[in-house]
Amino acid sequence: MSTTDKYAFGMIGLGVMGRSLLLNMADHGFAVAGHDKDAGKVDSLNKEGGDLQVKGFLDVKEFIQNLKTPRAIMMLVPAGKPVDSVIEELTPLLDKGDILIDGGNSHFTDTNRRVEELEAKGLHFFGMGVSGGEEGARRGPSMMPGGDKDAYAVMKPIFEAIAAKVNGEPCVTYIGPGASGHFVKMVHNGIEYGIMELLAETYEIMKKGLKMDNEAIGKVFADWNEGRAQSFLLDITKDIFKYKAPGTDHLLLDDIKDEARAKGTGKWTSQSAMDLQAPIPTVDVAVSMRDLSKYKELRTQAAGIYSKDDHQQIEGDDKELLEALENAFYFTMIISYAQGMHMLSRASEEYQYDLHLDEIAKIWRGGCIIRSKFLENIYNAYGKDKNLKHLLLDADVAKLVEGTIPAIRQVVAAAVKVGIAAPGYAASLSYFDAFRTERLPSNLTQAQRDYFGAHTYELIGKEGTFHTQWAPEKE
């Protein structure tokens, strides 16, 4: 085979995402190849590819030999050891100057290590977050590449061609050095966890607190999705409230176990935020609630002890309550984004990523799971002020928040009164109230730390650190 007949891009891992991305590239006129050790997945690609310039290979060496040089190869395999195994298998088959891309949800610390290891071998490597699920990968994802800038420049035409478009602009941009691409994707997933938890709590409030049936709840989600809260997650939620399994007369949703699973990216976001001292309690609560959901047996036992009465109905006019709930949800959604953006701001400083938060908001507007109308507000806020330290300090965002504050207080109080768990709502409100407090009670915390551990404290208007012998000396 001559060089001109070879494929411009290779994909390792032909699961749903890998296969969909390759077909997307082929749709845009690129000659692409894929490899998987599963013969069924290779066959699926070849069958779906039809007349497109796409071919699947079962043998990895044959796959490598059929790529143009310098080779550009992307891995879409499970995070952790599988990525290292693929790299170990590939490295002896590659030449200096070849490009290797990790498109999975790898932990950013693993990406840092791989950048150094592969650079030393003369290979270009970068990690790239990909969001949008199967449909996004096939029709246009949001992509977050970070690492080797020269390598990204080579791939830019392909990625810009296949990315989702908003106002004609591709939802992909160079994020920054090192593992910044995977870090930004991790935070994206953390925000996703937060908003999903908030939607679940909203469902709970309508079902148990307002005694609404599924049809009415679905209509509310559909109505909200036509307004300012419009988002991909709301869009799919309204669809879930319409779906009945074939041959049944009720929603499939009612048959699904209330035990949520997770792949770990939300937990990583919480852990990394603590390392950065960037508080993201809405995300933390979302992770904790998924964990708590798994203790079904314990929850059932506790329900038998403590839930003697069913949840009471929230009192008030239904129309007014739903209006308050929409305002409250919008408030919590803003807070979830604000916490994530603040975490990115802290990471940019701490890890020297030099992140452009306006560009990140811009590429999240289409293709990705957290895309929403509000991302336009975030894009505008950071576009006006590149050095904005926190989204809640933007004047236009502040106006939106101020209009929702009475409602979030009303909804949290009502949920607490009737015994409905709404920890995401409550955490979002408490975060906001603490954030807007000029003087927190943390002075007491410092005094306590000094009392029991001589950890010292600082004084207002006086330089230095101080220690006090708080307890009277015993005679």
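Predicted model: local features only at pLDDT ≥ 70, side-chain atom pairs only at ≥ 80, totals over all residues.
Arg 299 touches Asp 258, Glu 259, Leu 292 and Ser 293, once residues up to four places away in sequence are set aside.

- Arg 299 has its place in helix H13, which covers residues 296-306.
- With a relative accessible area of 27%, Arg 299 counts as partly exposed, because that class lies between the limit for buried, under 20%, and the limit for exposed, over 50%.
- Of the residues that Arg 299 touches, Asp 258 is one, and the side chains of Arg 299 and Asp 258 are joined by a polar contact of 3.0 Å.
- Ser 293 is another residue touched by Arg 299, and here the backbone oxygen of Ser 293 lies 2.8 Å from a polar atom of the arginine side chain.

- Glu 326 is found in helix H14, which is made up of residues 318-350.
- The relative accessibility of Glu 326 is 16%, so this residue counts as buried, given that the limit for that class is under 20%.
- Apart from neighbours within four places in sequence, the residues in contact with Glu 326 are Trp 224, Arg 228 and Ala 229.
- For Arg 228, the link to Glu 326 includes a polar contact of 3.0 Å between the two side chains.

**Backbone features in loops**

- Most residues other than glycine have a negative phi, and most peptide bonds are trans.
- Thr 69 and Pro 70 are joined by a cis peptide bond, with an omega of about -10°, and Pro 70 has its place in the loop between helix H3 (60-65) and strand E4 (72-75).
- Asn 167, a residue other than glycine, has a positive phi near 55°; Asn 167 lies in the loop between strand E8 (165-166) and strand E9 (169-170).
- The relative accessibility of Asn 167 is 67%, and this residue therefore counts as exposed.
- Asp 354 is not a glycine either, yet its phi is positive at about 55°; the place of Asp 354 is in the loop between H14 and helix H15 (357-364).
- Asp 354 has a relative accessible area of 53%, which means that this residue is exposed, since the limit for that class is over 50%.

**The chain as a whole**

- A compact globule of 475 residues would have a radius of gyration near 23 Å, and the 25 Å found for the protein chain agrees with this.
- Taken along the principal axes, the C-alpha atoms of the protein chain fill a box of roughly 85 × 70 × 45 Å.
- When contacts between residues at least 6 apart in sequence are considered, 68% of them join residues at least 24 apart.
- The protein chain carries 54 positive and 69 negative side chains, and the centres of these two sets lie 2 Å apart.

Note on methods:
Residues numbered from 1 in each chain as written. Heavy atoms only, no water. Rg over C-alpha atoms; globule rule 2.2 N^0.38 Å. Contact = heavy atoms within 4.5 Å. Lys, Arg positive; Asp, Glu negative; His and termini not counted. Charge placed at Lys NZ, Arg CZ, Asp CG, Glu CD. Helix = DSSP H or I, 4+ residues; strand = E, 2+ residues; numbered from the N terminus. Buried < 20%, exposed > 50% of the residue type's maximum accessible area, 1.4 Å probe, protein only. Polar contact = N/O pair within 3.5 Å; in protein donor to acceptor, adjacent residues only side chain to side chain.
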